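Please keep the structure in view while reading the answers.

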Amino acid sequence: MKLGALGLAGMVTAVLLTGCTSSTPGQASRSTSPPPGSSNSARASDGAGAPPSSGGSAGCPASYIAPDPKRPAVRLRFTVGNDLSTVQGSEHVEFTPDRPITELVFRLTANTAPTVQAGNKIVVNSATADHGGLAPKYDADGADRSTQGGLLRIPFAATVPAGTKVSADVTFSLTLGNGSFDRFGRVGDGAQRYAWFGSGAPLLAWERGHGWHTEPMIQFTAESATSEAMQTDLTVTAPASDTVIMSGDPADVPANNGTKTWHSTIDAARDVSVAVGPFSVSDTTVGGVKLRVGATSSQERDQLVPLFKLAITEHSKRFGPFPFPSLSVARVPAQGGGIEYPSSILMLDSSQLVAVHETAHQWFYAMVGDSQATHAWLDEAFASYAEQLVDNDAPPGSALDEPGDVDKPTASYGGNESQYYEVTYTKGAAALHAAREAAGAEKFDAAIRCYVNANAWRIADPSDLAAALKSLPAAVDVLRKANALS
């Protein structure tokens, strides 16, 4: 998923670590039913509020399209060490490519250069595949030079035809850096140890209708991954004294020989996060969504709960029902922003801005995906825009004068982190606000709801947004001038 930063009032003032994925036309069937197990149909008119009408035509489904029935399936197992500094993992993946393949490709996010410099890394111990899978290979792909690389490749002895179910198994080890400000990290000792990791497993880098994503890792704290929504089975074993807060909705579990094992399933998730520690936890429900918030103190926990209730309620009014049955939030003892994952958020901040921004990513990235390497604004600008509508803190119009194209490959920024955030987040959000003003708020909101419905659980690109706005030429013109629809 994606690590990012959010500009407030046109200035990048807080780093918001975030996560995303998207798709292209043809990835998902055009059913209008909600995701299996999501209870979205029941929540469409509940206390979370009614979103703007989206019609119900062929180009504008009346509700979220269903996840692709041929989406990949992944089974993840993590075992966290007693001192929370290491994690042993295993992954089983099954997927059916829609075109012939000669290899499998996985992204090793923990080997990104700034992540490794903070003391984190992933080491693949074994990697095998059926259909004559050969010994694994590794590509540097911009990763830290001290690691195996940024891409794990498992080649096949012969081409595997399209439509063939392929399985792979990978085992790996994670090291979590002490005091790391990232999607990986740990702090404290003794009874006050905390650790967290997201994008910790090798991430299948396939996109239906596209193929493998092998874009280079970027050289600052952000993301450059693309992954499809997958049927996900997640198990985490951790010391019995700790609570695990993770993607999905695991119940509290009994201890067994000094450990606890937590389990969840998610019908469609692009990635997962895990946090471990002596969290003070609150469980509540908002608009039919199970909300679990954990923090290092009950005071900070109780400060966060109403912020996430607000975020779920207000975003649901505008964009549609919350995409998942649950949201799990872990406020870890580090400072910097937040990192969103499907049905989970790692908070490194306790502000309303961060809470509302990261919750918006449950629609823009977790459900409506995008390529973080090529079209990062489709989730980061949208999350900033959505937060600003709730908090009434839109950037000034002058943000549109910021040099740079809104739709620009992330790696093209090189090491210019501040420009990436200023253009992708702030200018991108300003362009959406200006487009809304040009088209009229009611019409623009309805068109965006059509975009969300039609691209749910897919990997969208700017042409999908342009299609949703085609009847609003004034809005399209604004976005084209910002080079957001190029």
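Helices (H or I, at least four residues) and strands (E, at least two) are taken here as DSSP runs, numbered from the N terminus. The model is predicted, so local features need pLDDT of at least 70 and side-chain atom pairs count only at pLDDT 80 or more, while totals for chains, interfaces and linings use all residues. Residues are numbered from 1 along each chain as its sequence is written, and side-chain values use heavy atoms, with hydrogens and water left out.

Q: Which strands each supply at least two residues of the lining of the largest cavity?
A: A cavity is a set of points on a 1 Å grid over the protein atoms alone where a 1.4 Å probe fits but cannot get out, and its lining residues have an atom within 4 Å of a point. The largest cavity has 13 lining residues, with V74, L76, L203, M230 and D271 nearest its centre. At least two lining residues come from each of β3 (73–80), β12 (203–204) and β15 (230–239).

Q: What is the volume of the second largest cavity?
A: Its lining comprises 10 residues, among them T109, T112 and E223, which are listed with those nearest the centre. With grid points joined across faces, edges and corners, a volume is the space filled by probe spheres set on the points. For the second largest cavity this gives about 60 Å³.

Q: Is the pair of F319 and F364 stacked or edge-to-face?
A: Rings of Phe, Tyr and Trp (its six-membered ring) pair if their centres lie within 6.5 Å, and planes under 30 degrees apart count as stacked, over 60 as edge-to-face and the rest as tilted. F319 is buried at a relative accessible area of 1%, and F364 is buried at 0%. Their ring centres are 5.0 Å apart and their planes stand at 90°, so the pair is edge-to-face.

Key: On a 1 Å grid over the protein atoms alone, a cavity is a set of points where a 1.4 Å probe fits but cannot get out, and a pocket is an open set with protein on both sides within 12 Å along at least five of seven lines; lining residues have an atom within 4 Å of a point. Buried means under 20% relative accessible area, exposed over 50%, partly exposed in between (1.4 Å probe, protein chains only).
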